[in-house]
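Subject: A structure for you to explore

Hi,

Here is the structure I promised to pass on. Have a look around it first, and then read my notes below.

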Amino acid sequence: MQRILSRTRLRAGREHEYDQTHATIPPELAERLRGAGVANWSIWRDGQDLVHLIEVEDYRAMRRSLADDPVNAAWQDVINPLLEADDDYSGNDDGVPLVWTLEGQA
């Protein structure tokens, strides 16, 4: 299981709308995420900054499988206007690089 940290940024003034929109996701999308190997996906917001912790079998494979998924595309049509940059789901990134963990040092 991979733990991936990712960041996105909201457009100024869209924070409340994002919080309301993302309070729940469509059940069909949750099903597609689980089917793509996602065990959990948590999002924290600090002002306009969003931090995502994704626990997934294979991050790149998950992104590739969702890139052309119509349920994910419909969700991106809702969320992307709230973000400074659209997510292209290219699958070519590995998230934010991990530098250190306490458990890794023990």
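Which helices and strands each supply at least two residues of the lining of the largest pocket? They are the strands β1 (2-9), β2 (38-46) and β3 (49-56), together with the helices α2 (27-35), α3 (59-67) and α4. Please keep in mind that this is a predicted model.

**The pockets**

The largest pocket has a volume of about 800 Å³. It is lined by 41 residues, and those closest to its centre are His-22, Trp-41, Ile-43, His-52 and Tyr-89. By type, the lining of the largest pocket splits into 20 nonpolar, eleven polar and ten charged residues.

The second largest pocket has a volume of about 230 Å³. Among the residues that line it are Arg-3, Ile-4, Leu-5, Leu-53 and Asp-94. Strand β1 gives the most to this lining, with three residues. Here the division is six nonpolar, one polar and two charged.

**The salt bridges**

Side chains of opposite charge can pair when their charged atoms come close.

- Glu-84 and Arg-9 meet through their side chains at 3.4 Å, N to O. This pair links distant parts of the chain, because Glu-84 is in the loop between α4 and α5 while Arg-9 is in strand β1, 75 residues apart. Glu-84 counts as partly exposed, at 45% relative accessibility, and so does Arg-9, at 34%.
- Arg-14 and Glu-17 form a salt bridge at 2.8 Å, N to O. Arg-14 is partly exposed at 25% relative accessibility, and Glu-17 is partly exposed at 34%.
- Asp-69 pairs with Arg-32, with the closest N and O atoms 2.6 Å apart. Asp-69 is in the loop between α3 and α4 and Arg-32 is in helix α2, 37 residues apart. Asp-69 is buried, because its relative accessible area of 11% is under 20%, whereas Arg-32 is partly exposed at 32%.

Some salt bridges share partners, and these join Arg-9, Asp-49 and Glu-84 into one network.

**A patch on the surface**

Val-99, Trp-100 and Leu-102 form a nonpolar patch on the surface, with about 410 Å² of accessible area together. Val-99 lies in the loop between α4 (70-79) and α5 (102-105). Is Val-99 buried or exposed? Val-99 is exposed, because its relative accessible area of 80% is over 50%.

Enjoy exploring!

Terms used. Residues numbered from 1 in each chain as written. Predicted model: local features only at pLDDT ≥ 70, side-chain atom pairs only at ≥ 80, totals over all residues. Heavy atoms only, no water. Patch = residues over 30% accessible without salt bridge, like charges linked within 9 Å, V, L, I, M, F, W, Y side chains within 5 Å. Areas by Shrake-Rupley, 256 points an atom, 1.4 Å probe, with all protein chains shown as cover. Salt bridge = Lys/Arg side-chain N within 4 Å of Asp/Glu carboxyl O. Helix = DSSP H or I, 4+ residues; strand = E, 2+ residues; numbered from the N terminus. Buried < 20%, exposed > 50% of the residue type's maximum accessible area, 1.4 Å probe, protein only. 1 Å grid on protein atoms, 1.4 Å probe; cavity = no way out; pocket = protein on both sides within 12 Å on 5 of 7 lines; lining within 4 Å. Points joined across faces, edges and corners; volume = space filled by probe spheres on them. Nonpolar A, V, L, I, M, F, W, Y, C, P; charged D, E, K, R; others polar.
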